[in-house]
Every structure is written in C-alpha cells, then in structure tokens.
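Here are my notes on the model you sent. Please read them with the structure open.

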Amino acid sequence: MGSPRRKLLILGVLVLAGGVSLSAAADPAPDGEFVGPPAPTQAAPEEKIPFGPAATLLDDRAMSARIDALIGARWSEKGVTPAASADDAEFFRRLSLHLNGRIPTITQLKDFLDDTHVDKRRIWPRLLMGETVAVDGEEHPRKGDENVDLYVNHWATFWRQTILSQSTNQQQAQFAAQQLEPWARNHVKNNTAYDEMVRQLLTGPQSNAFFQQALENKTEVIAGATSRLFLGVKLECAQCHDDKSGGNWTRVQFWQYAAFFNRQNGGQKITIPDKKTEVQARFLDGASPQWRGGASSFTILSEWMTSQNNPYFARAFVNRMWHYLMGIGFVDPVDSASEENPASHPELLDELARQFVAHRFDVKWLVRSIVGSRGYQLTSARSDPSQDDPRLFSRFNVQGMSAEQLYDSIAEATGYHNNSVRPNTGFDFQGRPNTPRAEFIQKFTNPNDKRTETQTSILQALYLMNGKHTEDVLKNSKSLRTVQENVQGGIKRNLEELYIVTLSRKPRPDELERLTKYVESGGPTKDRKDALGDVFWALINSGEFMLNH
Amino acid sequence: MSSSSPRLSRRDWLKLSSAGVIGYSMSGWLGALADEGAGDKQRTKSCILLWMNGGASQIDTFDPKPGQPTGGPFKAINTREGIQISEHLPKISQFMDRMAIIRSMNTGPGQNADHGQETYHMHTGRHPRGGNQFPSIGSMVAESIGTDQAALPNYVSIAPFRQFNADAYGAGFLGPKFAPLMVAEMNYYNQQGADYDKLLKVQDVAHFQDIVKERFDARINLLRDLEKDFVGQRPGLAARSHQTAYERAVKLMQTAASKAFDLEEESSKTRDRYGRSLFGQGCLVARRLAERGVPFIEVTSGQFGNNQLGWDTHQNNFDAVKRLSTELDGAWASLMEDLRDRGLLDSTLIIWASEFGRTPQITANQNGREHWASGWSTVLAGGGIRGGQVIGSTGKEGRKIEAREVTAADFVATIAKVLGMDPKKPISPAGERLFRITDPKAEAISEILDT
C-alpha cells in the first residue's frame, strides 16, 4: 500500500478534493437538505415581464437560430471551443433514434447520405415524423408515411414512460400502461397540443382514471406527481415538513395544492394529516381559485395548470424535451427547479417556453426547433477539454438508449424482426412479459432517468454477450447471412456492409486494416464466415452501437 | 470535469469512481488505511440478509405468547439464555448466544401496511417517494465496503421476489454498478421446480454453446479494440460505464468466481443439511459467497404456492408458518454452524427480517393473521452483535409496543454500524439534495453492538 507518508498525502488529496469528511459532522444537515453549487452568475429574466405567449411568432428555423445565438453567447463567455459539426451519418443515426426509436434502415441512411438538397437536415426530421413535405425545386412532395407507425409508437412510449415515471406502485403502473399507451398513441398521431393532453390526464373521464390509478388514487401522491411532471417542481419534501432547501415550499403550500385532488371536500380544502389544521385550496403561486358550479376542482386546477400565463407549465415541458434530445436539461434534474437549482440558460429556456405557448403548445414545432439547432448537430467526438461540461452543449452529449430503442435497433441491424414493433406493451396485466421484446425490456429498464449518466450493468453485459436473445438474432440474422454469402464483394466490402448495418457508418482506415487482417485469417476456426460473425457480434455489443451519440 | 478548476468536484469524483475510472472506491482507500491501524479486532466483512417475503408472523416465531388468546397453537421453547421462541425453530435456538431479537419494530400503521411500500421501507430505511431513488441496504454496503477489483459483484440477491417493489432491490441513485446480481428470481408465476442447480446459477455466464472458447476470446479482443477507440473519442460516463461493465462481465466469466454458485461442489450430506428447497440451497450458496468475501448477500424465503405467497399468511397461518419455519430452521442453523466452523461467524452479520409482522388477532374464518407493522420482530446475529438478548417488548398479548421502539431507519443504521459504515455518510450525488445512508435522526441500537 505504500509508506505511511504516502498514505497521508493521499488522504490529504482526498480531503482537499472535498470528497471526505473524516468525522461525522457535529450537526449533520437535515435529511434531504439541498447542498448545491454556488449561485449562478446570470439572473433569471422571468420576473421582468409576466409570463405569456411571445409577441412575435418564430418558425422553427428562426427559433433554431435563436437557440444558436444564446448557446453560442455562453460559449464565448466561457472561452469554449465547440466541437465540429457531426457528419451526415452521425447526425442521421442520432435523429432516427430520437424520432423513430431505432437506428436508420440502410435504405433510409443511403437516401439521406445521397440527398443533395441544401436544406436536407431540416426536411428529414419532418419526414421521420411521418409528414409529407413539399420541397422547393422538387416536382413531387416527399412522403414520410412509411415512418408514421415508428414515430407514433416511439413517442407513445416516451409519454407512457414520462407519465408513469411518477408512479409509486409498480403493479398499478403496469396496469395503467395498458391503457395509457393507446391513449398516447392516438394523441401523437394527431399531434394533439400538449396543454390539451395534460387537461385530459387531469379531467378526461377515462384518462384521468388510469392516470390516478397509477398514482394509487392517493391525494398526496397525485399532488407530488403532477407538480413534478407538469410544473417541474418537487413538492414532496414539503409534504411532511417545510422544505427549506428546494424552492422554499412550506408544508401549508403543499397541502393547499394537494387540496385540489381531495375528492372528499370537492377539492376545496383538506386537513393536513396529524396537524388537524384545515387549509383551503390554493394554486402554487398563492392565488385563490374561482370556484364555479359544475366545475370540479380537477377542472379548475387544470385550467390554471395549462394556462398560457403559467410559467411553470410551459417551461417544465420545454426543459423535458431539451433534456430528452440534448441529454441534459437546462434544469437538472428535470423535475426540481428551484433557486438553488437554477437553469443553465434561463434566457433561452424562457424564450423557448414563450414561443412554445405562442405556437399553442405544438410539440412537433418544439422538436424541429431543437433538432434544427447547431448544438444538436455537433459531433459527440471531443476535440478540446473545454467541451467536457455537458451543460454547455459544446459537443453532443452521448446518451443511453432506452430498452425499446436497443431492442428495435438490434432487430434492424440483424434484420430479424421478432415482433419488434407491437401495438401493446407486451406485458400482461400482472406485469409478466409475454413477448420477446417485453422480456428484453424487463432486463434493461433503468430507473435512473439521467440520459448522460446511463450506466450498463454486468448482468446486462452478460445477457447481451451470451443470452438467448442475442443467440437467436444472430442465428437468424438476414443481414449477417447476406454479407457472409457475398464472397464476390471481397472482405473490405463485407466489412463496410457490417459497419453500415450496425453502426450506420463506414469503418475508418485503421479499423478496416485491422479487421481485414482478422477476417482474412479466418479467426480461430480459420473460416471466413465465422470471422465475419465474430466481427458482427463485437459490433452489436459495442458501446458505439448501444449508445446514442 | 470543469476546465476552469483543476480540482475534481465531489460530484465528478463520485461519478468517475462509480464509473470505475478511479481504481478504488473512496472507502476502499479508507478501508485499507483503517485496516492498517485496526489492530487485532476482527471487522465484520460480510452481511447475509435472510428475507422473509410476505410479512413473517412474530408471535409464531420470535415473540411467542403461549397461553394467550393471541398466542395460537404453537408452544414456546426456552433457550439456554432464558429466551422463548417458537417450538418450530429448535435448531436455530441453539445459536441464541449469537443472536439478538428485536421485538419492537415500528415501521408503519398496524393493519394497512402495504407490501410494496414496506418492502422498500425495510430495504432502504426510507419511505418510497416518487423521484427519490434511494438505494437498498445491499447497494449501500456494496458501495461502501465492496472492492472494485472483486470478480464477483458486491451485492448478490438469491431468489428475490421483486413484484412488490423492484426498486427496493435496486441501487437507486448509486447507479447500476451497485445493483444486485440476481439469481433464481421469483415471481407469481414461475414454477418452483426441483432444479435448484440450474436456478441458482448466474444467467448467461457461459458463452454460446456452438462457439469454441478461442472464438469467444477472439470476439472479446475485437470488442476491446472497439471500446478503446470509442471511449478515446467520446470520453465520459456513458461510454466508460459500458466498457467497465463488459470488462467485469468477462472477468466473471473467465475467473473461477462464478463457481461459487456451483452446488455440485458440495457433498450430498451438506446439501441435505441445508434442506433441499430453494431457500435451503440458497443459504448454501450464500455461505459460499461469504467465504469468497462478497460483502452483501440476500436470500429470500417464501415463494408463491398453495395459492398464498410465502409468509403472507392471511389464510391457514399456522400450517404455513410451521412449514416455513422448519425450512428456515434447518437452513439458518446450518449456515450458522458452517460459518462458525470456518471461523467466519465473527466477521459475518446475519439478518432475519421481513417487510412487517402479523396481527396478534387471529381471524376466525380463515385462521390467519393480517398485516401488522407496529410491534413486530427482526433478528440480528453473528459478527459485531452482542447475542443472547431481546430488545424491546410487545407486552403480554403482543398487541402493542411497550418498550424500546425501533424504526426501519434505526434498523438500517444498526446494520451500517456493524459493518463499519457511518450512517451519516452522504450517498446522494453531490450538487443535489443531500441524503445520507440513513436519516440523521435514526439511531443505531447501541445495546446490540458488540463494540
């Protein structure tokens, strides 16, 4: 272990790095206390002008330009050298994963790479979202209908996972999922406005029922969940005591908000448990509700919640979408905005939110604006140490894939689609998987929702290397077989084909050289086909395949 | 890492450490340093949690009320120390000098205790609250006293039943690196077959049958090249974590580590002693893992069968508990005996626990007991425990706690202390809300600690 002096030095370093407390603190901070970084340099602009829809409507192109300007301004301020722009292959793989939930087909990839239109990076997101696009200078509009199902299913899963992420009871959540996913699919297909979707979850006769069921129909659980999901604010700590850390919510405020969900008193008031004090329902900004006959408390609350002037509502969703596409939100974690947890780019978050409202909560507009920005289109390859802070967005943040994305991408890469796109979740109402896809998903669902901090576990690695699923897909892989049978094409060509079908790119010269030698030698069995199979196995198991970069 | 500061923030340190970038976990360093100065005192190095799935009846096990209206038909036996336990636990009663019974667990409302919430509560020491992903005690132990270099994961869970609450068994915000390695996972539907050998093995630890070992090794080398390039170009947690997970998986495959699960190495006589049940054989695997230094091992008792889930004896309480107790008794006593004979009992903490207990009242129509979380029992035994004693009491009929209440957080704090962990150690990611191993209000049961 080394001399005592060396040990002391190491210990000193650990202490200096702030990583060690050598003795229990005399007065430990209370449980759940926020101990955060120093206050931000930029003040939040929201207090200057009351929140509401932006005066001038910016289309997605103009919004992307604003995003570029504000992100870029911070780079200059911090002396950051941004990464280079992603090449077409890198960009298109990323876009396909985000919009269609799987790596691109080789046909689509080729079409995109061959597309010479100067604006292609703005046209293809629409196509991948199932739209038909009339393109300047082209006779016929381009159709994206082949992508509709993929787009709808992928985003229905996004909604299901987002909404059910708050559920405290897994059995209930699985049951609710059976109904939630078809509901979400319908809305994605129709591009229902976000505010309308939320109103339905709160007041729609059926959707409200399964939403609440996932939250065990408990008043305080629903209160906590809705405030995190739709307002981006973590109130639960204030459920039992004044929350001095995140956002200064008092216990009274929590229960005033929870009152709306209290069916017992028509949602107008509630008794704080074990305090026996009764409080009246109040909105989070302190305003009193205007009750009217015939309108339930849920309706009254949903009107306030989804109002154009509610700063929490629009910002929370914009932040969530930013987190989803860029790997980390302006506010991180996404559901606990507070004074001690400020936004990294408050001005940009504010502008995006106001525009989102002005566009009537059009989710597709928001997606297009973000993926059309320079930041989204940077490479994830690092070329400068100034690119290491994920919150500066100076290179694309490498993100994990969801279990669904991984399964569907493996299906696409191997050409073996074993029910990979199904209309239901694949779990029976007891939570038992009844399809290969559902079995796979069960092994991979990660409760940590931070995309940049996705971690792989040993069991997952074993499963992917040696498990039945991998064995099946490799045995049945059309793409591998095609390559193996293409003796005429030559080994270099074979390797290119394997790379394109898995990593959606061509191999680099150094990779090609190394692997050509391997395949030429035939590997340990001196068999060319076996060697190609080995390369294929390695590609499917690689980080480059499993991560979204 | 921020380019403007040469130091690592605590957050970065934790992240890089948990991604395996920094060789030792921080406490690995401290543990090694502390060892040098520890002297002769043996440290408790392993922990085995015997988890009774469903809510084990305390009156019919460790807190008997013979002759009382709440007592039921079981008789009580007296240990040498003058402590009474159920007649159906005769073998384990021989080890009472190494056991401390806590009879005053108070973890929730009496009858409305919920399996999902309380499984989580007892595993983490905290109430479940959407959004805060607290790690289970197993993950916290793995993170605190496990070593990165070990071939076996530092938290192994045998026959877990996760359908009440999967998060109760997870690593929460500590990350998948500290998630348990699970074998023989149980649910409502899988058949409890007799093929324990197969069930108790790590899944997927053998490569495809139709490729030879040399080919697998060649594949791993190809993969290593790809990983090296990718991590080089895209440094960061996601890429590094992928690379590390694969390296550790390969290590598990290539070393003898996974042989720990191979019960064919044990004699038939030994296997009979533990009992030819999933739980019995699971305890034998646990002993083998403890011998190999795995810091936290959990074995679950109580699968679904006879239309009832394990210890959740709403119906026919006495037949079920007698059967389960007999199975428990043989396995647990064998475990204690073998650990003692191998000189490991002093360095292994054994915990007997459940999500809650059962009502003193017996339901007339079903001859059962309902859920009961205010006045039930757990047991701590082995290393670091001052045995032969009872903590707390539930009075003549067991209807309420009369002395020395113990909360779930107190319970977890006690376990932490026995294992040399500081219950006040922060475990949440830096820069966010501060959470420690337990709520700072929790107090370890000092009477139990053998310090």
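Predicted model: local features only at pLDDT ≥ 70, side-chain atom pairs only at ≥ 80, totals over all residues.

1. Residues are numbered from 1 along each chain as its sequence is written, chains are lettered from A and ligands numbered from 1 in the order written, and side-chain values use heavy atoms, without hydrogens or water.

2. In chain A, helices α14 (346-358) and α15 (363-371) pack at about 145°, their axes 9 Å apart. Helices (H or I, at least four residues) and strands (E, at least two) are DSSP runs, numbered from the N terminus. Axes are lines fitted to C-alpha atoms, for helices over the stretch in contact, and angles run from 0 to 180 degrees between N-to-C directions.

3. Leu352(A), Gln355(A) and Phe356(A) of α14(A) meet Val363(A), Trp365(A) and Leu366(A) of α15(A) (contact means heavy atoms within 4.5 Å).

4. In chain B, 8 strands form an open, mixed sheet ordered β6-β5-β7-β1-β10-β13-β4-β14 (strands pair if DSSP finds at least two bridges between them). β6 (181-183) and β14 (389-391) of chain B are at the edges with a single partner strand each, so one side of each has no neighbour in the sheet. The twist averages 15° from one strand to the next.

5. β5 (155-158) and β7 (296-301) of chain B run parallel, joined by 4 bridges; Val156(B) has Ile297(B) as its bridge partner in β7(B).

6. Helix α10 (278-291) of chain B lies across β1, β5 and β7, at about 175° to β7(B).
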